[in-house]
Amino acid sequence: MLRIETGGPGLRRADIREGSAQEDVDLVAELVAVGFRGRLWEKVAADLVVYAFQPLLHAMRLSENGKLAGLVAKSKKPLRLTDEERATLHHNQADREQLALMTISVAMETFPEVLKAGGYDPTKNTGKGGKPARLFTFFYGRCGLVFPRVFENWREERAQRFAGRATVPLDIVDLAHTFGRGTSQPESGDEFVELCDQLIKMINELDPRDKAVWIMTLRGESQGEIADALGIKVGDVENARYKFRKAVKIRREEGTLIVPPRLEAEWRLYPAWMKKQRKKVVR
């Protein structure tokens with residue numbers, strides 16, 4: 001099994017571009033002859049990774065302007081991204097790198113068989129301006145073909161990770177613990193129960209990621225702990241918290257969410273507690 005590396009001493013993408021399509025044809029013939037084993041194949045595979053890695057990151061980061069759509073245009077599996085997923089690909093370097101390595105790995109698994117079957121034909125696989133495509137460009141195209149499938153698997157794994165945390169039951173005890181931080185005993189009574197029921201309903205209506213963030217927040221986990229557990233950025237955790245706090249504020253202003261007067265003191269302490277949580281970033 002080949003170990004995928006994204007770079008190394010002496011490896012530059014510009015170096016890989018040197019040569020001709022005919023040299024690539026000869027190289028493929030040599031690789032077929034040695035059965036895609038040994039140092040030659042390891043060197044070629046490493047160069048393919050170097051060539052494809054950064055362009056994949058670039059295409060994902062610019063997914064909003066169609067760069068990624070162009071890459072996957074020939075794939076049989078359509079790629080449909082939500083606005084949240086596009087934002088994630090644009091802002092989250094770690095997710096882009098993970099997806100790029102996963103895509104390269106999947107493309108590499110079948111690449112020898114594709115080459116053995118004559119899949120690389122520079123006279124048919126043309127590049128820019130109709131020029132014969134290089135082997136490395138051909139491999140990058142293969143990455144585009146498998147990317148939608150890789151992304152779907154990544155999406156499902158990510159959703160399961162969020163759902164696993166989001167399905168943890170949330171009850172009044174969690175909110176009572178939060179409101180009780182400023183008093184010797186948590187508040188009780190019908191007014192408090194009604195308020196907690198409304199807040200729990202709002203949290204349960206969040207998407208799985210934001211719901212997971214809030215369940216973990218109410219149970220005292222820091223931003224860093226939440227980010228590590230969910231595989232997201234600390235900024236994503238804070239954004240999820242901010243959106244929910246804003247929604248609560250709007251409902252209070254509209255009069256659809258009532259905080260009883262005797263709970264106002266504890267409510268005012270809540271933002272201060274949240275600020276302390278922001279400082280408890282464990283990475």
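Me: Hi! How many salt bridges does the structure hold?
Reply: Hello! The predicted model holds 12 salt bridges.

Me: Can we start with Asp-83? Which residue does Asp-83 form a salt bridge with?
Reply: The partner of Asp-83 is Arg-86, and their closest N and O atoms are 3.6 Å apart.

Me: Where do Asp-83 and Arg-86 sit along their helix?
Reply: They are in helix α5, which covers residues 83-91.

Me: What about Glu-205, what does its side chain meet?
Reply: The side chain of Glu-205 meets that of Lys-201 in a salt bridge, with 2.5 Å from N to O. Both of these residues are exposed.

Me: Which residues are linked with Asp-210 in a network of salt bridges?
Reply: Arg-209 and Lys-243 are linked with Asp-210 in that network. Arg-209 is also found in helix α10, and a polar contact of 3.4 Å joins the side chains of Arg-209 and Asp-210.

Me: Why does Arg-209 count as buried?
Reply: Its relative accessible area is 8%, and buried means under 20%, so Arg-209 falls in that class.

Me: What does Arg-209 touch, leaving out residues up to four places away in sequence?
Reply: With those left out, Arg-209 touches Glu-84, Arg-158, Phe-162, Leu-230, Ile-232, Asp-236 and Asn-239.

Me: Let's change topic. Where does Thr-103 lie?
Reply: Thr-103 lies in helix α6, which spans residues 93-116. Thr-103 counts as buried, at 0% relative accessibility.

Me: What does the side chain of Thr-103 reach?
Reply: It reaches the backbone oxygen of Leu-99, at 2.7 Å.

Me: And which residues does Thr-103 touch beyond four places away in sequence?
Reply: Thr-103 touches Leu-56, Cys-143, Val-146, Phe-147 and Val-150. As for Leu-145, it is 42 residues from Thr-103 along the chain, and their C-alpha atoms are separated by 9.4 Å.

Me: Last topic: helices. How are two packed helices described?
Reply: By the angle between their axes and the distance between those axes.

Me: So at what angle do α3 and α7 pack?
Reply: Helix α3 (residues 38-61) and helix α7 (residues 135-166) pack at about 50°, and their axes are 9 Å apart. That angle makes α3 oblique to α7.

Me: Is their crossing left-handed or right-handed?
Reply: The crossing of α3 and α7 is right-handed.

Me: Which residues meet there?
Reply: From α3, they include Tyr-51, Pro-55 and Leu-56. From α7, they include Phe-139, Cys-143 and Phe-147.

How values were computed. Residues are numbered from 1 along each chain as its sequence is written. This is a predicted model: local features need pLDDT of at least 70, side-chain atom pairs count only at pLDDT 80 or more; totals for chains, interfaces and linings use all residues. Side-chain values use heavy atoms; hydrogens and water are left out. A salt bridge is a side-chain nitrogen of Lys or Arg within 4 Å of a carboxyl oxygen of Asp or Glu. Helices (H or I, at least four residues) and strands (E, at least two) are DSSP runs, numbered from the N terminus. Buried means under 20% relative accessible area, exposed over 50%, partly exposed in between (1.4 Å probe, protein chains only). Contact means heavy atoms within 4.5 Å. A polar contact is a pair of N or O atoms within 3.5 Å; within protein, one must be able to donate a hydrogen and the other to accept it, and residues adjacent in sequence count only if both atoms are side-chain atoms. Axes are lines fitted to C-alpha atoms, for helices over the stretch in contact, and angles run from 0 to 180 degrees between N-to-C directions. Angles under 35 degrees count as roughly parallel, over 145 as roughly antiparallel, 65 to 115 as roughly perpendicular and the rest as oblique. A crossing is left-handed if the near helix is turned anticlockwise from the far one by less than a right angle, and right-handed if clockwise.
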